[in-house]
Amino acid sequence: MMITLSSCSIKNNHAANITDESSSEVQTTQPAIKNYSITNGTYTYRDFIVDNILHSDNNGDIHFNIYIPKSYDGSEAYALFITLPGYEGLYFQGVGVNIHQENFGFEAQKYNENMIIVAPQLNGWDENSADETITLVEYLLSAYNIDKSMVYIEGYSGGGETASQAVSKRPDLFTAYLQVSSQWDGEYESIARSKLPVYIVIGRDDEYYGSKKSQDAYDTLYNLYKNQGLTDEEINKILVLDIKERDYFTSRNAPNEHGGGGLFAEDNTIMSWLFGDH
């Protein structure tokens with residue numbers, strides 16, 4: 001990918017170079033679980049513990065930033081939200097740049113105060129990245145008291161390519177999926193069998209993907225559901241295609257439609273759907 005995939009430019013900073021007044025040393029230790037080992041992050045950014053590393057024999061090192069509400073003590077099951085970044089938020093771009101660059105992890109806190117939020121930093125958007133995402137989710141479900149009926153995932157741009165593969169491989173792990181300014185790289189039959197709720201949102205003239213691939217993904221899932229005998233009303237509850245026109249972005253001062261995908265984090269209609277009743 002050579003195109004800029006977000007609304008702001010990001011310098012390629014090493015971890016030591018990404019600091020600001022809201023960062024601080026962190027004392028929280030992530031739980032160790034059999035078959036996994038963890039290297040804990042050493043500082044925080046806006047209450048996210050930055051650059052924890054899950055060491056997996058099968059998937060290597062998986063870097064992630066995590067927000068754990070102060071109220072969490074393990075006695076009550078909390079929701080879980082995974083937010084996968086676009087290209088400029090990947091690990092090789094700099095530790096923690098995803099949570100500096102994208103607001104999904106912060107805006108999500110407005111919808112459920114009892115929710116653990118994880119912002120992984122993978123190194124790509126291929127099947128390996130999808131497998132790493134699945135491994136990380138499995139670890140989180142083992143390490144924390146998570147309500148398995150409230151496990152949400154969102155992927156922006158390349159993160160959406162990864163997430164679409166992850167949810168199609170393991171739809172049983174997730175409650176709902178929000179695909180932002182991306183394309184569908186996963187398969188469809190498993191999604192249709194599980195009836196995993198999916199919301200696809202993109203600009204009509206998205207500079208990187210266009211909107212036709214999103215329309216094709218919607219049409220494929222829609223037809224699978226029709227073949228199952230679902231009514232339009234039933235389909236509309238679990239499948240949404242939201243194509244935004246140019247004025248959606250210009251009225252919000254976005255420089256372009258693809259980079260403007262970050263605005264969807266602040267769209268109450270979209271985010272309320274993701275964290276709504278599924």
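I began with contact range: of the contacts in the chain with a separation of 6 or more, 64% join residues 24 or more positions apart. The model I am reading is predicted. I counted nine helices and 11 strands in the chain. I then looked up burial, and 56% of the 278 residues are buried. The chain exposes about 12,100 Å², with 43% of that area supplied by carbon and sulfur atoms.

**Entry: cores**

I looked up the largest nonpolar core, which has 48 residues. The members that touch the most other members are Leu-80, Val-118, Tyr-139, Leu-140, Trp-184 and Tyr-225. Helix α3, residues 127-143, gives the most to this core, with eight residues. A second core is separate and holds 34 residues, among them Ala-79, Ile-99, Ala-176 and Val-180.

I followed Tyr-225 further. Leaving out residues up to four places away in sequence, Tyr-225 touches Ile-191, Ala-192, Lys-195, Leu-196, Leu-230, Ile-235, Ile-238 and Leu-239.

**Entry: helix α6**

Tyr-225 is one of the buried residues of α6, and I took this helix next.

Which residues of α6 are buried? I found Ser-214, Ala-217, Tyr-218, Leu-221 and Tyr-225. Seen down the helix axis, the buried residues of α6 fall within an arc of 95 degrees, so they line one face of the helix. The background I noted for this is that an α-helix has 3.6 residues a turn, so residues three or four places apart point the same way. On the face turned away from the buried side of α6 I found the exposed residues Lys-212 and Asn-227.

I then asked what the buried residues of α6 pack against. Their partners are α5 (189-194), β10 (198-203), α7 (232-238) and β11 (239-244). Just after α6, I noted that Gly-229 takes a positive phi of about 95 degrees.

**Entry: aromatic pairs**

I found 21 aromatic pairs in the structure. I examined Phe-81 and Phe-275: their ring centres are 5.2 Å apart and their planes stand at 85 degrees, so the pair is edge-to-face. This pair links distant parts of the chain, with Phe-81 in strand β6 (residues 78-84) and Phe-275 in the segment after α9 (268-274), 194 residues apart. Phe-81 counts as buried at 0% relative accessibility. Phe-275 counts as buried at 12%.

I also checked Tyr-208 and Tyr-209. Their ring centres are 4.7 Å apart and their planes are at 75 degrees, so this pair is edge-to-face. Tyr-208 is partly exposed, with a relative accessible area of 32%, whereas Tyr-209 counts as buried at 7%.

One cluster went into the notes as well: ring pairs link Tyr-45, Phe-48, Tyr-67 and Phe-106.

**Entry: Leu-122**

I located Leu-122 in the loop between β7 (115-121) and α3. Is Leu-122 buried or exposed? Leu-122 has a relative accessible area of 5%, so I recorded it as buried. Leu-122 and His-63 are 59 residues apart in sequence, and their C-alpha atoms are 6.6 Å apart in space. Not counting residues up to four places away in sequence, Leu-122 touches Ile-62, Leu-84, Leu-90, Tyr-91, Ser-129, Glu-132, Thr-133 and Thr-162.

Arg-46 has a positive phi, near 50 degrees. I placed Arg-46 in the loop between β3 (43-45) and β4 (48-56). Arg-46 is partly exposed, at a relative accessible area of 39%.

Ser-157 has a positive phi of about 60 degrees, although it is not a glycine. I placed Ser-157 in the loop between β8 (146-156) and α4 (158-169). The relative accessible area of Ser-157 is 0%, and I recorded this residue as buried.

Methods
Residues numbered from 1 in each chain as written. Predicted model: local features only at pLDDT ≥ 70, side-chain atom pairs only at ≥ 80, totals over all residues. Heavy atoms only, no water. Core = buried A, V, L, I, M, F, W, Y, C linked by side-chain atoms within 4.5 Å. Buried < 20%, exposed > 50% of the residue type's maximum accessible area, 1.4 Å probe, protein only. Helix = DSSP H or I, 4+ residues; strand = E, 2+ residues; numbered from the N terminus. Contact = heavy atoms within 4.5 Å. Arc of directions from axis to C-beta. Areas by Shrake-Rupley, 256 points an atom, 1.4 Å probe, with all protein chains shown as cover. Phe/Tyr/Trp six-rings, centres within 6.5 Å; stacked < 30°, edge-to-face > 60°.
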